[in-house]
Amino acid sequence: MYRNGHYGVALLAFAPVGVSLVTAGFTEFAFVVGAGALWLAMLPDVDHRLPGVSHRGITHTVWFALLVGAALGAVGFAVGRVGFGAPYGPETLALVGAATGLLSVGAHLAADALTPMGIRPLWPLSGRNVTLSVVTADSQVGNYGLLSLGVFVTAAWVAVLVVG
């Protein structure tokens, strides 16, 4: 998928998480996770700029998602330890950071699995390719359709939470 498609899938992945956070009274975390999901939506495609790293290789695996989640969890924990993020403790901020990383990279992987090229999520343990082969990566209809769907679903949930 291209950038617009990845943004759309990030919004689709975020919507139920955001609703759950707002419903539980954690509106600020909903904002952080949503902004993070969009900001990191293209992170796995950093492989385009890394010499010797093939596209949809290591950065398109569950291992990379876990690494990003662990890194953001560590940042959240460190931020909490120095006193930022009060009244929440370091463990809570670590959880929010880890969830943001996993959600962001997971959404990217899900979007790429929609294409015929697919992904190999367990590489190098398994070379099995996962693809739904629904739409080509360069499809304008697919990319803008996913973006539109993501914006619509997120906006609908916001409307329900604000009005309801």
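Trainee: Where does proline 124 sit?
Mentor: Proline 124 is in the loop between α4 and α5. Helices here are DSSP runs of H or I with at least four residues, strands are E runs of at least two, and both are numbered from the N terminus.

Trainee: What is the peptide bond from tryptophan 123 to proline 124 like, cis or trans?
Mentor: That bond is cis, with omega near 5°.

Trainee: Before we go on, what are the ground rules?
Mentor: This is a predicted model, where local features need pLDDT of at least 70 and side-chain atom pairs count only at pLDDT 80 or more, while totals for chains, interfaces and linings use all residues. Residues are numbered from 1 along each chain as its sequence is written, and side-chain values use heavy atoms, with hydrogens and water left out.

Trainee: Where is threonine 115?
Mentor: In the loop between α4 (90-113) and α5.

Trainee: Buried or exposed?
Mentor: Threonine 115 is buried, at 1% relative accessible area. Buried means under 20%, exposed over 50%, and partly exposed in between, with a 1.4 Å probe and protein chains only.

Trainee: Which backbone oxygen lies 2.7 Å from a polar atom of the threonine 115 side chain?
Mentor: The one of aspartate 112. A polar contact is a pair of N or O atoms within 3.5 Å; within protein, one must be able to donate a hydrogen and the other to accept it, and residues adjacent in sequence count only if both atoms are side-chain atoms.

Trainee: And what is threonine 115 in contact with, leaving aside neighbours within four places in sequence?
Mentor: Met1, Arg56, Thr131, Ser133, Val135, Thr136 and Ala137. Contact means heavy atoms within 4.5 Å.

Trainee: Take arginine 56. What is its phi?
Mentor: Positive, about 60°, although arginine 56 is not a glycine. Arginine 56 is in the loop between α2 and α3 and is buried, with a relative accessible area of 6%.

Trainee: What about the phi of serine 133?
Mentor: Serine 133 has a positive phi of about 50°, and it is not a glycine either. Its place is in the loop between α4 and α5. Serine 133 is partly exposed, at 45%.

Trainee: What does serine 133 touch, not counting residues up to four places away in sequence?
Mentor: Ala113, Leu114, Thr115 and Pro116.

Trainee: Switching to α5. How many residues, and what reach?
Mentor: Helix α5 (residues 140-163) has 24 residues and reaches 33 Å from first C-alpha to last. That is close to the 34 Å expected at 1.5 Å a residue, the expected span being 1.5 Å times one less than the number of residues.

Trainee: Which residue caps its N-terminal end?
Mentor: Serine 139 caps α5, with a side-chain oxygen 3.4 Å from the backbone nitrogen of valine 141.

Trainee: Which residues of α5 are buried?
Mentor: Gly142, Asn143, Leu146, Gly150 and Thr154. The buried residues of α5 pack against α1 (3-23). An α-helix has 3.6 residues a turn, so residues three or four places apart point the same way.

Trainee: Now aromatics. How many pairs?
Mentor: The structure holds three aromatic pairs. In one, the rings of phenylalanine 29 and tyrosine 88 have centres 4.6 Å apart and planes at 50°, so the pair is tilted. Rings of Phe, Tyr and Trp (its six-membered ring) pair if their centres lie within 6.5 Å; planes under 30 degrees apart count as stacked, over 60 as edge-to-face and the rest as tilted.

Trainee: What does the phenylalanine 29 and tyrosine 88 pair tie together?
Mentor: Phenylalanine 29 lies in α2 (residues 27-39) and tyrosine 88 in the loop between α3 (62-81) and α4, so the pair ties together parts 59 residues apart in sequence. Phenylalanine 29 is buried at 7%. Tyrosine 88 is partly exposed at 23%. Ring pairs link Phe26, Phe29 and Tyr88 into a cluster.

Trainee: Last one. What is the volume of the largest pocket?
Mentor: About 280 Å³. A volume is the space filled by probe spheres set on grid points, which are joined across faces, edges and corners. On a 1 Å grid over the protein atoms alone, a pocket is an open set of points with protein on both sides within 12 Å along at least five of seven lines, whereas a cavity is a set where a 1.4 Å probe fits but cannot get out; lining residues have an atom within 4 Å of a point.

Trainee: What lines the largest pocket?
Mentor: It is lined by 16 residues, of which Val32, Leu93, Val96, Gly97 and Thr100 lie nearest its centre. The elements giving two or more residues to that lining are α2, α3 and α4. Of these, α2 gives the most, with six residues.
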